[in-house]
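Please read these points with the structure open beside you. They concern the aromatic rings and then the chain as a whole.

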Amino acid sequence: MSTRKFAAVAVGMTLALSLAACGGEGAGSDTGTEEGDTGTTEESSEGGLIGVSMPTQTSERWIADGDAVKSGLEEAGYEVDLQFAGDDIPTQSQQIDQMITKGASALIIAAIDGTALASQLQAAADAGIPVISYDRLIRDSENVDFYVTFDNYQVGVQQATSLLVGLGLLTQDGAEGDATGPFNVELFAGSLDDNNAHFFYAGAIDTLQPYIDEGTIVIKSGQTDIEQVATLRWQQETAQKRMEDLLTSAYSDGSVVQGVLSPYDGLSRGIITALQNAGYAVGDAAKPMPPVTGQDAEIASVKLIADGVQFSTIFKDTRKLADQAVVAAQAYLEGEEPEANDTETYDNGVKVVPSYLLESDIVYADNIQALLVDSGYWTAEEVASGQAG
Ligand code: GAL
């Protein structure tokens with residue numbers, strides 16, 4: 001690590017020296033040479049280029065993450081190459097290759113598949129470029145320096161806890177609720193190639209297991225292994241299809257679904273659509289909409305929560321995550337180690353990656369205002385319309 005740290009500093013110094021040497025051309029000129037493509041403005045010449053690779057634009061959170069990281073880095077004096085990969089692994093690999101070719105002095109990567117970037121990471125290591133894994137852990141590689149994320153196991157605990165609140169087995173303040181069950185519940189997980197999906201599911205299952213063991217919660221489909229309940233690439237349509245299949249296969253006897261563990265708002269909306277298409281509705285006596293959980297506080301889901309359709313989501317303040325990524329990148333480029341607050345949890349298969357973990361909150365209808373509006377994450381108008389303004 002220290003060799004690479006120094007190499008990164010050396011890259012920065014070389015850049016500064018070469019820019020000083022060609023000062024006659026003036027700041028702002030872009031020579032477009034293969035190696036010297038980075039210092040296109042006076043501001044950026046001080047900091048260098050940082051590559052930011054995000055998985056997709058289909059979910060608004062990654063757009064917000066990308067924008068927040070970019071503006072934070074620009075404010076700190078860096079030039080930024082921000083790319084979204086359309087959830088396509090070859091595209092992400094290619095974009096990162098290009099960032100390295102362009103002379104990036106640090107990389108911030110939210111991987112589509114946490115194991116798929118081996119050759120890019122090797123190239124980065126060879127060039128002394130520090131790699132910061134953003135939100136999703138890059139696995140099976142020595143060549144990842146730092147990880148900024150949330151406490152992902154705790155996110156799963158919160159998802160399951162909110163489901164228990166929705167079922168009436170717990171109250172929001174953690175006391176035992178009045179309900180007794182048994183309740184028919186179905187479980188969903190995220191994409192198996194995303195390390196986070198395993199942490200979310202582990203936290204959720206550990207929380208639900210005692211209720212399953214005592215028979216208060218019944219997984220009627222019998223599908224509890226993460227492989228059975230996973231959703232490739234976190235696709236909404238895939239979750240909708242699985243919910244439809246479950247309703248046909250496990251609930252054709254007249255029984256009803258009474259709760260759904262969903263790990264991400266996009267999936268939650270697919271699940272809700274399947275339930276609505278099968279006649280579930282808020283306030284319906286025979287088929288009331290069951291509590292469906294979520295994650296990310298996406299605006300469409302926040303509106304559904306306000307309207308009583310989705311029960312909960314987990315708010316992970318992406319502004320704070322972006323700030324941490326900026327702080328970590330800056331530390332490397334100033335020749336420091338970023339400060340970790342967890343050096344035990346995130347073993348990527350090759351090494352434990354030093355991490356900075358942030359905390360998350362459960363959003364229910366009655367704390368949307370306090371958590372999301374008062375903090376400026378969404379405006380009241382956005383919540384009312386369900387659309388980002
Ligand atoms: C995870 C991330 C979640 C959610 C999901 C789908 O990696 O931690 O917050 O965004 O991807 O995009």
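1. A search of the whole structure, which is a predicted model, finds seven aromatic pairs; rings of Phe, Tyr and Trp (its six-membered ring) pair if their centres lie within 6.5 Å, and planes under 30 degrees apart count as stacked, over 60 as edge-to-face and the rest as tilted.

2. Because Y147 lies in strand 5 (residues 146–150) and Y346 in the loop between helix 12 (318–333) and strand 10 (355–358), the pair ties together parts that are 199 residues apart in sequence. Helices (H or I, at least four residues) and strands (E, at least two) are DSSP runs, numbered from the N terminus.

3. Y147 is buried, with a relative accessible area of 0%, and Y346 is buried too, at 1%; buried means under 20% relative accessible area, with a 1.4 Å probe and protein chains only. Ring pairs also link F199 with Y147 and Y346 into a cluster.

4. The charged end of K220 sits over the ring of Y251, 5.2 Å from its centre, while R242 lies over the face of F188, at 4.5 Å from the ring centre. For this, NZ of Lys or CZ of Arg must be within 6 Å of the ring centre and within 35 degrees of the ring normal.

5. The protein chain has 14 helices and 11 strands, and 53% of its 389 residues count as buried.

6. Residues are numbered from 1 along each chain as its sequence is written, and side-chain values use heavy atoms, leaving out hydrogens and water. Local features need pLDDT of at least 70 and side-chain atom pairs count only at pLDDT 80 or more, whereas totals for chains, interfaces and linings use all residues.

Terms used:
Buried < 20%, exposed > 50% of the residue type's maximum accessible area, 1.4 Å probe, protein only.
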